[in-house]
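Take a walk through this fold, from the overall chain to its details. Keep the 3D view open as you read.

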Amino acid sequence: MIRILPSTRLGERQWTQAHLAKVTGIRPSTISDLYNEMTDRVNLKQLDIICDALGCELSDLIVREPTPNHIELYREEQNARKRNAGTKTSA
């Protein structure tokens with residue numbers, strides 16, 4: 001599992017999400033989604049800007065935690081999406 005952890009860096013600097021949004025020009029809702037790990041996709045340019053603002057490396061924001069059976073879980077998720085897509089088009 002890939003985790004995005006800006007909360008650690010914000011805490012070290014005692015910055016709020018709102019302050020990071022103001023400094024970077026990134027929408028507050030985007031910062032919130034990253035902060036709360038509610039996103040499946042990230043914008044590399046935004047991550048670069050966040051790293052500059054927080055004075056850190058990308059490896060300080062993104063970590064990988066090994067997930068048992070992650071390949072199998074991914075395939076099951078993809079198959080479920082395909083089944084749902086097929087159900088929607090046939091309705």
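This is a predicted model: local features need pLDDT of at least 70, side-chain atom pairs count only at pLDDT 80 or more; totals for chains, interfaces and linings use all residues.

Residues are numbered from 1 along each chain as its sequence is written, and side-chain values use heavy atoms, with hydrogens and water left out.

Start with the secondary structure. The chain has six helices and two strands. These are DSSP runs numbered from the N terminus: helices are H or I with at least four residues, strands are E with at least two. Along the sequence the order reads β-α-α-α-α-α-β-α.

Now the overall dimensions. The C-alpha trace spans about 50 × 30 × 20 Å along its principal axes. Of the 91 residues, 21% are buried. Buried means under 20% relative accessible area, exposed over 50%, and partly exposed in between (1.4 Å probe, protein chains only).

Next, the largest pocket. Its volume is about 750 Å³. A pocket is an open set of points on a 1 Å grid over the protein atoms alone, where a 1.4 Å probe fits, with protein on both sides within 12 Å along at least five of seven lines; lining residues have an atom within 4 Å of a point. The volume is the space filled by probe spheres set on the points, which are joined across faces, edges and corners. The lining has 19 residues, and Met 1, Ile 2, Asp 40, Tyr 74 and Glu 77 are the closest to the pocket centre. β1 (2-4), α3 (28-35) and α6 (70-90) each give two or more residues. α6 gives the most, with six.

Finally, some local details. The charged end of Arg 13 sits over the ring of Trp 15, 5.1 Å from the ring centre. The rule asks for NZ of Lys or CZ of Arg within 6 Å of the ring centre and within 35 degrees of the ring normal.

Most residues other than glycine have a negative phi. Gln 14 has a positive phi near 60°. Gln 14 lies in the loop between α1 (6-13) and α2 (17-24), and is exposed at 73% relative accessibility. Glu 37 also has a positive phi, near 55°. Glu 37 sits in the loop between α3 and α4 (44-54), and is partly exposed at 32%.
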